[in-house]
Amino acid sequence: MTHPPASRNYSEQQAGSLRAGDHLILPDGNRSAEIHRVDVETDDFGTPAMVLATLSGGGVLRIAAGSLVRVTDDAGAGTPASDGGATGTPAPSDFGAPAPDAAASDTPGSDATGPNAPGSDAAGPDNTAAAAVVVPPQPVAPPAVSGPSEADLALIPAPDGTPESVVEAAAEAHPGAVGVLLLSERLAKGINTKSGSCLKDLSDLAHELFVTLKDPDNALAVADLLNVLPFDGNPDRWASVESSLALSSYICRQLGQDQRAGIYEKLLRAPEAMETDPFKARINAKVRQRSLNEPNLYDKEIFRSIDNANPDAERDWRLLRLEALLFLRAHGGSETIGTAELERRIGNELESVRA
């Protein structure tokens with residue numbers, strides 16, 4: 001007995017989140033079919049545009065990536081797709097509706113698959129449905145906290161005393177450094193790792209110690225207060241940890257501590273592997289690779305500062321460029337900038353901001 005769609009247990013989701021094994025309710029609303037494979041076609045800008053759902057019984061459904069579809073857990077309900085539904089490749093503008101002759105075959109007496117049936121107007125010749133692409137929504141639940149393993153942490157030296165004492169020791173090593181003094185005075189009141197401003201001060205202090213004062217040992221000691229923190233799903237707080245990890249990786253490479261540098265780089269990339277949805281993970285990877293290939297290196301801002309004879313502004317922009325280059329170096333370079341070129345550019349920026 002074929003049950004009407006209203007009596008089935010189903011849920012709505014975007015086509016971009018379909019997976020192999022899902023039982024998709026077909027466009028006629030009366031039948032379901034198991035998805036064998038899901039492929040995604042992108043537009044010329046690299047944005048997901050069309051989902052190709054290959055069905056176990058044969059046939060391919062073309063669905064706009066942002067369309068809402070119904071997935072049922074009642075796999076046996078209705079007529080399987082291999083008995084006449086979606087046995088061919090539908091028209092590109094069709095939300096998975098099979099061709100008229102295929103839809104009508106092997107379904108005698110059923111008006112649900114006819115051209116005038118409800119829900120079948122998408123296959124009509126005058127159909128002008130919009131093909132807008134909707135970006136998949138953010139996950140309902142925040143990402144799980146991902147922290148370094150015990151083996152990773154073993155390669156990072158434990159702080160010598162409390163976090164406040166580590167900062168105090170760094171400040172005592174450079175009594176005449178105004179930048180270090182200002183940052184250490186704020187941090188001496190208490191280091192709260194849940195505070196974004198506190199994490200930013202720690203990251204700035206580590207950069208000040210290495211970039212300006214050429215003190216890699218104290219810079220690593222301060223940076224390690226951040227490096228062991230896990231990603232908690234807050235991008236603002238993570239930005240400071242990310243910057244600290246990139247700096248620590250570069251310092252260790254310069255000191256010949258490649259294994260320790262590799263741990264920092266692994267921790268920096270840890271949030272990238274947290275997405276469990278395959279479709280979203282592929283999209284995130286494409287966006288991330290594009291940002292690595294086309295980084296913002298603040299060329300216009302630096303040249304404008306040079307033209308305006310403003311060395312302070314130029315130094316500030318070069319510090320931002322240095323952070324971007326260190327981030328790229330921690331990722332092993334990109335498709336457009338190799339590690340050797342990054343090393344050369346980082347050396348140039350360090351020489352400029354230290355001058």
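**Helix packing and core residues in a predicted model**

Arg260 is found in helix H8. Helices here are DSSP runs (H or I, at least four residues), and they are numbered from the N terminus. The structure is a predicted model, in which local features need pLDDT of at least 70, side-chain atom pairs count only at pLDDT 80 or more, and totals for chains, interfaces and linings use all residues. Residues are numbered from 1 along each chain as its sequence is written, and side-chain values use heavy atoms, with hydrogens and water left out.

Arg260 counts as buried, at 14% relative accessibility. Buried means under 20% relative accessible area, exposed over 50%, and partly exposed in between (1.4 Å probe, protein chains only). The Arg260 side chain makes a polar contact of 2.9 Å with the side chain of Tyr264. A polar contact is a pair of N or O atoms within 3.5 Å; within protein, one must be able to donate a hydrogen and the other to accept it, and residues adjacent in sequence count only if both atoms are side-chain atoms. Not counting residues up to four places away in sequence, Arg260 touches Leu155, Pro157, Leu220, Asp224 and Cys252. Contact means heavy atoms within 4.5 Å.

The largest nonpolar core has 53 residues. Such a core is a set of buried Ala, Val, Leu, Ile, Met, Phe, Trp, Tyr and Cys residues joined through side-chain atoms within 4.5 Å. Leu202, Leu205, Phe210 and Val222 touch the most other members. At least two residues each come from H3 (163-172), H4 (178-187), H5 (196-212), H6 (216-227), H7, H8 (258-269), H11 (311-330) and H12 (339-354). Another core, of 15 residues, lies apart from it and includes Ala15, Leu26, Ala33 and Val51.

Helix H5 is considered next. The 17 residues of H5 should span 24 Å at 1.5 Å a residue, and the 23 Å between its end C-alpha atoms agrees. The expected span is 1.5 Å times one less than the number of residues. Buried residues of H5 include Cys198, Asp201, Leu202, Ser203, Leu205, His207 and Phe210. The buried residues of H5 pack against H3, H4, H6, H7, H11 and H12. Beyond its neighbours within four places in sequence, Leu202 is in contact with Val167, Leu187, Ile191, Val222, Leu225 and Leu226.

H5 and H11 pack at an angle of about 100 degrees, with axes 13 Å apart. H5 is therefore roughly perpendicular to H11. Axes are lines fitted to C-alpha atoms, for helices over the stretch in contact, and angles run from 0 to 180 degrees between N-to-C directions. Angles under 35 degrees count as roughly parallel, over 145 as roughly antiparallel, 65 to 115 as roughly perpendicular and the rest as oblique. At this pairing, His207, Val211 and Thr212 of H5 meet Arg315, Leu319, Leu322, Glu323 and Leu326 of H11.

Helix H7 (residues 235-254) has 20 residues and reaches 28 Å between its first and last C-alpha, close to the 28 Å expected. At its start, a side-chain oxygen of Asn234 reaches to within 2.9 Å of the backbone nitrogen of Asp236. Gly256, with a positive phi near 80 degrees, follows H7.

Positive phi values also occur elsewhere. Tyr298 has a positive phi near 55 degrees and is found in the loop between H9 and H10. Ala309 has a positive phi of about 55 degrees. Ala309 lies in the loop between H10 and H11 and counts as exposed, at 64% relative accessibility.
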